[in-house]
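Look at the sequence and the 3D view together. This report then takes the chain piece by piece.

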Amino acid sequence: MDVLDEPAVQQRLHYQDLIPVIAQALAALSSGRVVQPVRTVLPVAPHQGFFAVMPAYADGGAGGLGAKLVTFYPQNVGIHTHHALIVMFKAETGEPLAVMDGRLITEMRTAAASAVATQRLALPNASVLAILGSGVQAKSHLAALRHVRSFKEVRVWSPRNAPAFAQRHGVKAAATAEDAVRGADVVVVAASSTTPILHGRWLSPGTHVNAIGATRPDWRELDDDLVTTARIFVDSREAALRESGDVIAARSEVTEIGAVVSGADPGRRTPSEITLFKSVGVAVEDVAAAALVLGAGGSGLGTR
């Protein structure tokens, strides 16, 4: 059985390979070829943390059976807020194949899923990217989205570290969230917020939004104006309706992005439509990424 630490995972995992793998994993989920319960979340109340268990089986071959154990401690300072382990099994026999660090996989598969949505929903000529947040997911989204659109301008805002992030990555720091978002073609919400920080009135017609935080039913990162006027796409309808305060508040029909990948749904309907990909993160993404790390291939998830 292989044991892979984060440097070993990093050496094997690259966005140009991961993005199409995640696309096909989400298509498999939407077409009913994945067995995946909504994650079980255990509060660790004395330490303001959460512990979650996320199993999935992707029908179609070896490498498609596994589970992620992940912790989320949003108050952490100086260490990552997410830590994880992924355990993979041989689907045919149940034999364990590998244990690997899942922190980087969580980081990269989240950004890859947003890249899948951006590739299919953002306007083809999108050239201005706004990122709200300056942490791990801001960095990963900046890297992943550049694989699917050519941005001429990138703006970043966060409550504390936007200038340092901007200098480190060669982008522009904005003074306010509104300044970052006004006139942007693609917006990423990647801040640890439990109350809305993105307002629909700031968005231009045709904007695409990727929102990846506020993954508890009583948390929000988007205001009512946005969630009630945008066309909403999700990674998993079942998970989003149970876990996302923004999706629950929208009280409208949502479309799985996997249906767009497979061609079952056309995606964007008009150039002026505002599209929103609300991602809560699902286990099949972790299993697909771990299978890619292992070089498992042939699992029906499009490893190439």
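## A tour of the chain

At 48% relative accessibility, Gln-10 is partly exposed. Gln-10 is part of helix α1, residues 6-12.

The model is predicted. How confident is the predictor? The protein chain has an average pLDDT of 91, and 96% of the residues score at least 70. One stretch needs care. Over residues 296-304, pLDDT stays under 50. The model has 30 contacts beyond four places in sequence for that stretch.

## Two helices that cross

Two packed helices are described by an angle and a distance, both taken between their axes. Helix α2 covers residues 15-30, and helix α3 covers residues 103-121. Their axes are 8 Å apart, at an angle of about 75°. An angle of 65 to 115 degrees counts as roughly perpendicular, so α2 is roughly perpendicular to α3.

Which residues meet? From α2 come Tyr-15, Leu-18, Ile-19, Ile-22, Ala-23 and Leu-26. From α3 come Met-108, Arg-109, Ala-111, Ala-112, Ala-113, Ala-115, Val-116 and Arg-120.

An α-helix has 3.6 residues a turn, so residues three or four places apart point the same way. Keep that in mind when you look at the α2 list, which includes Leu-18 and Ile-22.

## An enclosed helix

Is helix α4 enclosed or open? Helix α4 spans residues 136-145 and is largely enclosed by the rest of the structure, because seven of its ten residues are buried. The buried ones are Gln-137, Ala-138, Ser-140, His-141, Leu-142, Ala-144 and Leu-145.

Leu-145 is also a contact of Asn-210. Asn-210 sits in strand β12. Its relative accessible area is 0%, so Asn-210 is buried. Beyond its neighbours within four places in sequence, Asn-210 is in contact with Ser-114, Ala-117, Thr-118, Leu-145, Val-186, Val-187, Val-188, Val-189 and Phe-277.

## Rings that meet

The structure has three aromatic pairs.

| Pair | Centre to centre | Angle between planes | Arrangement |
|---|---|---|---|
| Phe-50 and Trp-219 | 6.0 Å | 80° | edge-to-face |
| Phe-72 and Trp-219 | 6.4 Å | 70° | edge-to-face |

Where do these rings sit? Phe-50 lies in strand β4, residues 49-58, and Trp-219 in the loop between β12 (208-211) and α7 (224-229). The pair links distant parts of the chain, 169 residues apart. Phe-72 lies in strand β5, residues 65-72, so its pair with Trp-219 ties together parts that are 147 residues apart in sequence.

Both Phe-50 and Trp-219 are buried. Phe-72 is buried too. Ring pairs link Phe-50, Phe-72 and Trp-219 into a cluster.

## Loops worth a look

Most residues other than glycine have a negative phi. Which residues have a positive one here? Gln-48 is a residue other than glycine, and its phi is near 55°. Gln-48 lies in the loop between β3 (40-44) and β4. Arg-251 is not a glycine either, and its phi is about 50°. Arg-251 is in the loop between α9 (245-250) and β14 (255-256). With a relative accessible area of 79%, Arg-251 is exposed.

Gln-36 is placed in the loop between β2 (34-35) and β3. Is Gln-36 buried or exposed? Buried means under 20% relative accessible area, and Gln-36 is at 14%, so it counts as buried. Leaving aside neighbours within four places in sequence, its contacts are Leu-29, Pro-55, Ala-56, Glu-238, Val-282, Ala-283 and Val-284. Gln-36 and Gly-213 are 177 residues apart in sequence and 21 Å apart in space, C-alpha to C-alpha.

Asn-76 belongs to the loop between β5 and β6 (82-89). At 23% relative accessibility, Asn-76 is partly exposed. Not counting residues up to four places away in sequence, Asn-76 touches Thr-81 and His-83. The C-alpha atoms of Asn-76 and His-47 are separated by 9.8 Å, and the residues are 29 apart along the chain.

Notes: Residues are numbered from 1 along each chain as its sequence is written. This is a predicted model: local features need pLDDT of at least 70, side-chain atom pairs count only at pLDDT 80 or more; totals for chains, interfaces and linings use all residues. Side-chain values use heavy atoms; hydrogens and water are left out. pLDDT is the predictor's confidence in each residue, from 0 to 100. Contact means heavy atoms within 4.5 Å. Axes are lines fitted to C-alpha atoms, for helices over the stretch in contact, and angles run from 0 to 180 degrees between N-to-C directions. Helices (H or I, at least four residues) and strands (E, at least two) are DSSP runs, numbered from the N terminus. Angles under 35 degrees count as roughly parallel, over 145 as roughly antiparallel, 65 to 115 as roughly perpendicular and the rest as oblique. Rings of Phe, Tyr and Trp (its six-membered ring) pair if their centres lie within 6.5 Å; planes under 30 degrees apart count as stacked, over 60 as edge-to-face and the rest as tilted. Buried means under 20% relative accessible area, exposed over 50%, partly exposed in between (1.4 Å probe, protein chains only).
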